[in-house]
Structure formats: C-alpha cells, structure tokens
Amino acid sequence: MRPDYDGSLQSFPFLDLKGLDIPDLYDSQKNAVWMLKMNGGGIIDHEVGTGKTLIMCIAAFEMKRLGMANKPMIIGLKSNVHDIADTFKKAYPNAKVLYPGKEDFTPEKRVGIFHDIKNNNWDCIILTHDQFGKIPQSPEIQQEIYTQEINNIEENLAVFEQQGNEVTGWIKNGLEKRKENLEAKLEKLEQDIKDRTDDVTDFRQMGIDHLFVDESHAFKNLMFNTRHARVSGLGNPEGSMKAMNMLFAIRTIQERTGRDLGATFLSGTTISNSLTELYLLFKYLRPKEMERQGITCFDGWAAVYAKKSTDFEFSVTNQIVQKERFRYFIKVPELANFYAEITDYKTAEDVGVDRPELNEQLYHISPTPQQEIFIQKLIKFAETGNATYIDREPLSEAEEKAQMLIATNYSNKMSLDMRLIDQQYGDNPGNKASHCAAKIAEYYYKYLDQKGTQFIFSDLSTYKPDQWNIYSEIRRKLVEDHNIPERQIKFIQEAGSDNARKELFSNMNAGRIRFLFGSTQKLGTGVNAQQRAVAIHHLDIP
C-alpha cells in the first residue's frame with residue numbers, strides 16, 4: 001500500500017511567503033514535498049497550474065537544508081526556466097543560486113561555469129534542458145550502461161538462437177547491428193578515458209546529488225531493447241542521446257547514494273503515448289527495485305505486466321490489416337502500486353484550484369477541391385511507393401524505408417494548407433487559414449469591450465520572417481478581411497529575450513495585445529498571459 005504522505009506538520013524555515021505573495025502553500029504542495037523528502041525523490045504528476053514549480057523549489061532547498069542533498073540541480077525548458085529561477089529567488093531571497101543565462105553558456109564561458117558548479121557550495125543550480133545536455137557525462141558511467149545494454153541484446157540473441165527458424169532474420173539483424181553500434185561507442189569511451197585530461201569537469205565531478213527535471217516527458221525517448229520488433233506502438237527502441245544523457249546523470253547519482261531515485265520528475269503528462277513510457281520511468285528511477293523483481297529489460301517487464309494481442313485495424317490507406325500490439329496490462333494492482341509508491345498524482349480539482357470549465361469544440365472543415373484530389377494521390381503513393389504521384393522525384397533507398405513517414409508528413413501539411421506542399425496551389429476561401437481567421441474575428445468582436453485575448457497554436461508551420469507560413473497568412477486575413485489592427489497581433493517567436501517575453505505577456509494581460517501565435521513548445525509552457533483569454537485555437541492537434 002502507498003503511504004499517506006501528510007506534510008501538514010512541516011515547517012519551512014527561510015521560506016518567504018510574503019515575497020511569493022501567497023498566504024500559505026496548498027496542502028497538496030506540502031504533501032508532495034514531504035513525499036520527496038521521505039523517498040529521496042519521485043514523480044510529481046500534477047495537472048498544469050497546480051504549483052509544481054514551487055514544489056520543486058521548496059523540495060530542493062529543504063533537501064539542501066536538511067543535508068539530504070549537498071548540491072541539488074533543477075533543469076527546465078528554455079521557455080519557462082526564467083520563471084523557475086524567479087520563483088526560487090522570491091521563495092528564498094538569501095539562497096545561493098547559480099542561474100547562468102544564455103550569454104553565460106557560450107562555448108568559451110561554458111568550462112568556467114562547469115568549474116563554478118564543481119567548486120562552490122550552491123543551494124541550487126538552475127539550467128535549461130539544453131544547457132544540461134552540454135555537461136560532459138562520466139565515461140565510466142557510460143561504459144557501465146552501454147555494457148548492460150549489450151548484455152541485454154546478447155540475452156535476446158540467445159533467445160533467438162533457441163527459437164531457431166521461428167523468428168524472421170531482419171529482427172535478429174537489427175539487434176546485431178545495434179550491438180555493433182554500442183560496441184563502437186564502448187571503444188570510443190575507452191579511448192576517451194585514456195586521453196582524458198584534468199581540465200575536463202564532468203557531471204560526476206560536479207557533485208550534483210539530486211536532479212529535479214521539470215517537464216520530464218521531454219526525456220521519454222530512452223533506448224530500450226526488445227525482441228518484439230514486429231509489435232506496433234512501442235516507440236523507437238534506438239532512443240535519443242538527450243535521454244541517454246539523462247540516464248547517465250541519474251545513474252551517477254544512484255551510484256553515489258547506493259539507492260534508487262536520486263531524481264524528481266515533474267510533468268502533467270508523464271505517460272502519453274505508449275506503455276513503454278511507463279517502463280522507461282522505472283528504468284530511470286527504480287533500477288534496483290526492478291532488478292529485485294528479476295526484471296532487467298523491457299521484455300522482462302512486459303512479460304510480467306503486459307499482454308499482447310492481434311486485432312484488425314484500418315491502415316493509413318484505409319485497408320484492413322492485422323496488427324499485433326500490447327493492448328492490456330496484467331497484474332494491474334501490483335503495477336499501479338509500483339508506480340504509486342513514488343508518485344504524487346493530483347488534478348486541479350484535487351488541489352482546489354478554481355478554474356473555468358473547458359468548452360472544447362472540434363471544428364469540422366470540409367476538404368477543398370485541391371485537397372480532395374491530393375488525398376487520392378497520397379493514397380496511391382502510400383500503396384505503391386511511387387513518388388511521382390505526389391510530384392516528387394523517385395524515392396532514394398533511404399527514403400523507401402521512411403515511405404510512410406513521408407506520407408504522414410505530406411498528409412499533415414496538406415490538411416493544414418496546400419501551400420505548405422507547393423506555393424503554386426494558392427489561397428482558397430475554404431481552407432483552414434480562412435476558417436480560423438473568421439472564427440478568431442468572431443471572438444474578437446464578441447469580447448471587444450472586455451479586451452478578450454486569444455492564443456493560436458500551430459506546430460507545423462511556425463513563423464519565419466523570410467518565407468510563407470500559416471501565422472503570417474492568418475494575420476494577413478485578420479487585417480485585410482476582418483479589419484483587425486495589425487499592432488494587436490504578435491508571434492511568440494518575435495520575443496527573443498526573457499525581458500521581451502515578460503513585456504509581451506504583460507501586454508496580453510492588459511489587453512493591448514489581443515492575439516498571440518506560437519508553437520506548443522514555445523507557447524505551451526511558462527506563459528502567464530491568460531488573464532483575459534477567451535479562446536484558444538489549435539490548427540494542428542499536438
């Protein structure tokens with residue numbers, strides 16, 4: 001059973017509630033901090049707007065104050081790391097905090113920052129995800145992890161040998177190729193260790209002993225090995241170097257402490273797309289507990305907690321095909337407890353945050369004649385691989401392997417605007433830009449007296465001053481077709497500094513700016529500009 005973490009009896013010396021302009025912490029914040037102190041880390045799975053940033057700042061300072069961590073580090077997205085640093089300074093105005101700006105993290109100055117982290121007794125270090133990714137990781141830790149991955153591959157290959165001809169060769173070849181790549185990395189690491197000089201400061205030498213990872217879902221693409229390569233929906237087993245660097249850092253801390261966790265993941269979407277994401281959370285945070293259960297790889301975890309099935313589905317070309325997927329969890333109570341032991345989950349309703357109920361509308365737009373013709377061409381391309389159907393040169397050998405990815409990319413562009421495929425298509429009164437502009441104008445005039453503001457999201461065609469994009473096109477339509485002043489329309493990409501973003505958000509909250517365009521990454525987090533918001537428009541669903 002998960003313990004009931006009651007943090008109500010905690011005192012928080014040095015916490016400046018007056019500086020934060022709040023009468024007290026939420027009970028949920030106190031309880032979450034208490035859980036992190038008791039466990040030495042965990043997962044804060046709280047809905048957006050429920051105070052995760054303050055939980056992170058208080059937990060970091062409390063761990064330092066109580067001697068549970070000597071040098072905690074917080075990392076966050078570039079778009080909201082300034083707000084994290086600002087919150088920390090308001091909460092603890094006398095704390096010794098290192099928060100290097102973009103200009104301090106140039107290649108020339110970076111080595112000096114690394115030495116500052118290593119040689120000073122900081123209460124907290126605050127970096128962006130990108131800055132964190134530039135910290136060299138310990139070659140010895142990398143060797144250990146890559147060796148373990150190779151061992152897992154060898155176990156899978158041994159199973160294939162036992163199964164004989166029952167397994168297709170390309171799956172086996174894929175594992176063998178990955179093993180070769182990892183062995184090449186090991187050889188390079190051995191050489192790096194031999195050539196290492198004393199002036200290189202890596203993460204292990206810095207003495208970081210707790211890592212707070214805000215928006216931790218950005219690191220979900222971690223490498224894993226599996227024999228189930230034919231099973232759909234598992235994600236990319238190759239993973240990303242960004243996620244591997246995170247694993248190197250967390251393993252460094254866990255090796256130092258001799259226990260699981262050593263990190264705190266904070267996100268409102270810890271699991272979003274596949275059951276592998278749940279396994280990878282445990283791979284990051286609970287390796288010793290998984291080893292105690294006899295689980296050393298994804299296949300071992302799936303054998304205990306997941307069940308495959310084969311069912312019929314529609315393919316992208318609208319054909320009925322058989323698909324094998326992990327569709328069911330088994331041992332659900334045990335798995336839920338395994339997750340809950342280290343997780344504090346809260347919705348806005350649980351916390352008591354007063355917010356209006358979302359009125360969500362799916363706005364249906366019929367395809368334009370050009371789109372209807374292109375859809376048929378795209379289906380032919382998906383079926384045959386003949387790129388001339390979509391007015392491309394024949395696919396190269398590498399492109400042939402990514403045929404469906406190319407088809408999906410064209411499909412997404414086509415659904416947003418045909419001009420993303422070719423400017424020769426021109427404008428159309430029935431396209432998404434025209435419909436969106438009309439809907440935006442409707443809300444503008446409806447809430448004109450209240451100075452209502454609106455957010456417009458698009459990830460596929462973001463603002464670039466030197467080329468056609470959907471942001472500029474909708475702005476043109478708002479100005480020319482709906483008589484809206486251009487000065488009231490801004491793009492988040494135009495605010496290139498923290499001060500510019502602050503001014504932009506202030507103008508939105510004051511109603512001087514009425515429309516703000518941006519991508520999910522730039523406009524979706526760290527944006528406190530919603531005081532007059534009356535509508536949010538998503539041109540492509542994130």
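**A walk through two strand neighbourhoods**

In strand E13, Ala533 is the bridge partner of Thr453. Strands here, like helices, are DSSP runs numbered from the N terminus, with at least two residues of type E for a strand and at least four of type H or I for a helix. Two strands count as paired if DSSP finds at least two bridges between them. This is a predicted model, in which local features need pLDDT of at least 70 and side-chain atom pairs count only at pLDDT 80 or more, while totals for chains, interfaces and linings use all residues. Residues are numbered from 1 along each chain as its sequence is written, and side-chain values use heavy atoms, leaving out hydrogens and water.

Let's stay with Thr453 and its strand. E13 (residues 533–538) and E10 pair in the parallel sense over five bridges. E10 also runs parallel to strand E12 (residues 515–518), joined by four bridges, and there Ile456 stands opposite Phe517. How many of the five residues of E10 are buried? Five of the five in E10 (residues 453–457) are, so the strand is largely enclosed by the rest of the structure; buried means under 20% relative accessible area, with a 1.4 Å probe and protein chains only. Thr453, Phe455 and Phe457 point one way, Gln454 and Ile456 point the other way, and all are buried.

Now turn to strand E4 (residues 124–128), which is mostly covered, with five of its five residues buried. Cys124, Ile126 and Thr128 point one way from E4, whereas Ile125 and Leu127 point the other way. Strand E2 (residues 72–76) pairs with E4 in the parallel sense over four bridges, and Leu127 in E4 is the bridge partner of Ile75. Strand E3 (residues 97–98) runs parallel to E4 too, joined by two bridges, with Val97 opposite Cys124. From E3 the chain crosses through helix H5 (residues 107–119) to E4, a right-handed β-α-β crossover: with the strands pointing away from the viewer, the path from the first strand over the helix to the second runs clockwise.

Finally, step back to the whole chain. The protein chain has 22 helices and 13 strands. Its radius of gyration is 26 Å, close to the 24 Å that the globule rule gives for 542 residues, so the chain is as compact as a globular protein of that length; the radius is taken over C-alpha atoms, and the rule is 2.2 Å times the number of residues to the power 0.38. Buried residues make up 47% of the 542 residues.

Technical notes. Buried < 20%, exposed > 50% of the residue type's maximum accessible area, 1.4 Å probe, protein only.
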